[in-house]
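Please keep the sequence and the model in view while reading.

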Amino acid sequence: SVAVVLFTSDLRVHDQPVLRAALDGAEEVVPLFVRDPGIAAAGFDAPNRRAFLADCLASLDTALSERGGRLVIRSGEPAEQVCRVVRESGARQVHVAAGVSRYATRREERLRTELTAAGATLTVHDAVVTAVPPGQLAPAGSDHFAVFTPYFHRWDETGRRAVTAAPGSVRVPRIGGEPLPERGAVEGVSPGLAEGGEEVARERLAAWLADGIEWYEDRHDDLAGDATSRLSPYLHFGCLSPVELVDRARRERGAGAAAFVRPLAWRDFHHQVLAARPASAWSDYRPRGDHWRTDAREISAWREGRTGYPVIDAAMRQLAYEGWMHNRGRLLVASFLTKTLYADWRVGARHFLDLLVDGDLANNQLNWQWTAGTGTDTRPNRVLNPLTQAKRFDAHGDYVRRWVPELAGVAGAAVHQPWLLDARDRDRLGYPDPIVDLAEGRDRFSRARGLVFRR
Ligand code: FAD
């Protein structure tokens with residue numbers, strides 16, 4: 001018998017329950033990836049992710065080839081393509097990982113309908129894309145958790161499925177496919193974009209567990225130290241299994257490993273919010289009556305990293321160069337855009353999705369909403385001050401000097417306040433003056449949200 005595995009956000013062979021189930025139930029398996037034009041039509045095929053995806057598919061194809069198989073690539077509407085492969089291969093079963101977004105659940109519904117009509121069955125597998133499936137945990141009286149801390153307590157004590165071993169061999173029937181997409185053919189890719197794929201992911205994971213995780217609690221907020229795992233793009237494309245990652249982290253000793261489990265729970269938390277409230281991808285999860293400002297000049301300055309606030313500009317330039325940004329940077333630039341400039345979070349979320357290699361509907365949109373105060377933050381009106389934050393999380397100014405070459409010659413923490421430099425020195429730098437006064441921005445935001453404020 002033959003089964004089809006439709007790979008989506010789970011591009012790996014290690015701890016891959018979808019592939020495992022297909023292999024257990026059939027002699028031959030078609031490992032299928034469908035290049036879906038709907039993703040491009042929805043504006044989600046940003047160059048950085050397209051390039052990274054090409055690496056992921058190449059790496060998956062290699063891993064399957066080493067096991068006697070290969071990856072079959074097709075292009076078109078996924079349900080149509082899967083049905084075509086089912087007909088060509090004589091498959092009776094199709095396996096896929098459960099998705100979270102509205103797009104993914106609709107794809108699943110269509111797949112189920114068309115496969116049933118074609119006389120084949122669809123099996124949807126949980127705990128592949130997240131460690132704990134969305135919907136598994138809920139407080140009394142609701143279908144999802146709206147606050148992280150109680151979610152985390154439940155998440156932390158929940159039993160998880162066992163990690164599955166990578167298959168020893170994969171037999172693929174004779175069936176045609178298209179060539180692998182090439183990373184080199186993608187235009188507009190960030191120069192410092194990381195390499196994708198399961199092989200690189202596993203090397204990074206091993207390096208992180210050996211030397212990195214231990215320091216996570218102390219250093220994860222240090223902008224210049226760059227001491228987070230940088231596993232986010234590999235989790236986004238499923239080159240690494242979140243179940244395996246939680247399992248491996250739990251086996252490590254120490255405060256660092258304990259702290260590292262928490263962001264993995266944040267990832268699941270946002271997924272369960274999006275699964276329960278799909279509209280929160282683009283609509284306010286908790287509307288606050290905002291009438292956002294649209295100042296094209298300010299928004300361009302923010303996008304280009306020319307706001308005159310060095311830490312903000314450093315982070316935005318890191319995003320442009322690497323297609324990735326440190327979490328503390330993401331928090332600062334998002335707070336700056338939505339609160340200090342009082343611009344719509346969707347403007348920022350869209351820009352992030354255009355560049356982030358880990359750009360993810362659940363994590364991006366709901367983190368933006370969290371920062372804008374329209375999401376799940378229990379302190380929705382806090383405004384992060386980029387200056388105090390910079391002095392705290394980039395105490396010596398190294399992060400700014402790394403990303404803002406105009407300021408590379410300014411020593412120490414003085415780099416965070418170039419406006420205090422002697423006027424002649426400042427002119428020579430060619431670095432912009434601040435586009436907004438922080439106190440004015442804060443007051444404007446407080447008034448807009450109807451808050452009483454104190455100086
Ligand atoms: P680590 O600190 O090593 O954390 C390990 C993993 O935990 C990450 O790889 C990620 O999968 C998960 N994680 C960490 N922090 C969060 C968080 N706050 N929410 C959800 N998951 C988290 N993350 C994305 O994966 N995709 C996005 O599109 C995205 N957009 C964001 C937008 C904003 C405005 C903010 C504030 C955060 C966003 N994040 C997003 C969350 C976080 O910034 C990144 O996951 C993290 O910086 C990735 O780096 P890392 O792998 O080194 O993280």
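**From a loop to the whole chain**

Gly-359 is found in the loop between α15 (345-355) and α16 (361-372); helices here are DSSP runs of H or I with at least four residues, strands are runs of E with at least two, and both are numbered from the N terminus. The model is a predicted one, in which local features need pLDDT of at least 70, side-chain atom pairs count only at pLDDT 80 or more, and totals for chains, interfaces and linings use all residues. Residue numbers start from 1 along each chain as its sequence is written.

Is Gly-359 buried or exposed? Gly-359 counts as buried because 21 other C-beta atoms lie within 10 Å. The cut-offs are 20 or more other C-beta atoms within 10 Å for buried, 12 or fewer for exposed, and anything in between for partly exposed, with C-beta atoms placed from the backbone. Apart from neighbours within four places in sequence, Gly-359 is in contact with Ala-46, Arg-49, Phe-352, Leu-353 and Asn-364; a contact requires C-beta atoms, placed from the backbone, within 7 Å.

Gly-359 is also one of the residues under the UniProt annotation "binding site", from an unreviewed entry, which includes Tyr-216, Arg-230, Phe-260 and Asp-360 among others. Such positions are given in the numbering used here, feature names are shortened, and annotations may be inferred rather than shown by experiment. The annotated residues are spread over 145 residues of sequence and, in space, up to 22.9 Å between C-alpha atoms. Arg-230 lies in the loop between α8 (216-219) and α9. Arg-230 has 16 C-beta neighbours inside 10 Å and therefore counts as partly exposed.

The domain assignment, which comes from an automatic or database source, divides the chain into domain 1 (2-128), domain 2 (130-161 + 200-276) and domain 3 (296-448). Between domain 2 and domain 3 the C-alpha centres are 25 Å apart. To their contact, domain 2 gives 17 residues and domain 3 gives 18 residues. On the side of domain 2 that touches domain 3, the elements giving two or more residues are α9 (232-236) and α11 (255-276), and α11 supplies the largest share, 5 residues.

Within it, strand β1 (residues 2-7) has 6 of its 6 residues buried. In a regular strand, side chains alternate between the two faces of the sheet. In β1 both faces are covered, with Val-2, Val-4 and Leu-6 buried on one side and Ala-3, Val-5 and Phe-7 on the other.

β1 runs parallel to strand β2 (residues 28-35), joined by 6 bridges, and Phe-7 stands opposite Phe-33 in β2. Strands count as paired if DSSP finds at least two bridges between them. β1 also pairs in the parallel sense with strand β4 (residues 93-97) over 4 bridges, where His-95 is the bridge partner of Val-5.

Taken as a whole, the chain has 20 helices and 5 strands. The radius of gyration is 23 Å, close to the 23 Å that the globule rule gives for 455 residues, so the chain is as compact as a globular protein of that length; the radius is taken over C-alpha atoms, and the rule is 2.2 Å times the number of residues to the power 0.38. Of the 455 residues, 45% count as buried.

Note on methods:
Two residues are in contact if their C-beta atoms, placed from the backbone, lie within 7 Å.
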